[in-house]
Amino acid sequence: MARLIRFNKPYGTLPQFTDGDGRQTLADWIDLPGVYPAGRLDRDSEGLMLLTDDGRLQARIADPRHKLAKTYWVQVEGTPEDAALAALRNGVDLKDGRTRPAKARRIAEPPGLWPRTPPIRVRKSVPDCWIELVLTEGRNRQVRRMTAAVGHPTLRLIRCRIGSWSRDGLAPGQWEQVAPG
């Protein structure tokens with residue numbers, strides 16, 4: 001039977017098990033041979049990663065052809081107006097093409113967030129705001145590029161859900177085995 005691991009990746013952790021430069025990797029948190037990440041989450045992003053030992057399950061989770069929804073909480077610089085959110089919902093033109101339409105809405109700061117080390121950059125003259133983005137593709141640094149394209153650079157990025165799996169109940173660095181679904 002396939003193994004599936006839910007992991008709340010801390011900020012600063014590479015989404016791989018090895019690194020020749022001595023940076024923090026998944027191996028610093030997960031001592032379970034034979035599982036591999038189903039998708040990536042940048043070093044400067046936090047939140048849910050799924051790992052599995054099943055290649056088909058890995059493809060179903062990570063391959064954009066399957067359009068598995070991934071939900072992100074994004075702290076952005078400034079307060080996005082309705083036009084910026086509409087642009088995210090309609091798809092944004094990036095250097096590598098137009099993104100698929102996304103679900104986008106302003107939200108209150110998510111409850112129960114842990115402090116980030118290092119903390120985000122704060123500018124007294126510029127407010128910040130949280131938005132929730134739901135994507136069905138996974139281009140390199142896509143969320144950051146999309147928010148920047150609509151004039152609101154990302155300050156903090158947390159993936160909270162992949163399909164029906166969430167990071168609920170996991171502190172940063174914690175993992176657990178779950179049913180593949």
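How many positive and negative side chains does the protein chain have, and how far apart do the centres of the two sets lie? The protein chain has 30 positive and 21 negative side chains, with 3 Å between the centres of the two sets. Lys and Arg count as positive, Asp and Glu as negative, while His and the chain ends are not counted; each charge is placed at NZ of Lys, CZ of Arg, CG of Asp or CD of Glu.

## Basis of the report

The structure is a predicted model, in which local features need pLDDT of at least 70, side-chain atom pairs count only at pLDDT 80 or more, and totals for chains, interfaces and linings use all residues. Residues are numbered from 1 along each chain as its sequence is written, and side-chain values use heavy atoms, with hydrogens and water left out.

## Overall architecture

The protein chain contains three helices and eleven strands. Helices (H or I, at least four residues) and strands (E, at least two) are DSSP runs numbered from the N terminus. In order from the N terminus, the elements run β-β-β-α-β-α-β-β-β-β-α-β-β-β. The radius of gyration is 16 Å, close to the 16 Å that the globule rule gives for 181 residues, so the protein chain is as compact as a globular protein of that length. This radius is taken over C-alpha atoms, and the rule is 2.2 Å times the number of residues to the power 0.38.

Along its principal axes, the C-alpha trace spans about 50 × 35 × 30 Å. Of the 181 residues, 48% are buried, a term for under 20% relative accessible area, with exposed meaning over 50% and partly exposed in between (1.4 Å probe, protein chains only). Among contacts (heavy atoms within 4.5 Å) between residues at least 6 apart in sequence, 72% join residues at least 24 apart.

## Strand β8 and its partners

Strand β8 covers residues 128-135 and is mostly covered, seven of its eight residues being buried. Two strands pair if DSSP finds at least two bridges between them. Strand β4 (residues 70-77) runs antiparallel to β8 and is joined to it by eight bridges; Thr71 has Val134 of β8 as its bridge partner. Strand β7 (residues 103-107) is also antiparallel to β8, with five bridges.

## Glu132

Glu132 lies in strand β8, where Arg105 stands opposite it. With a relative accessibility of 17%, Glu132 counts as buried. Beyond its neighbours within four places in sequence, Glu132 is in contact with Thr71, Tyr72, Trp73, Lys103, Ala104, Arg105 and Ile107.
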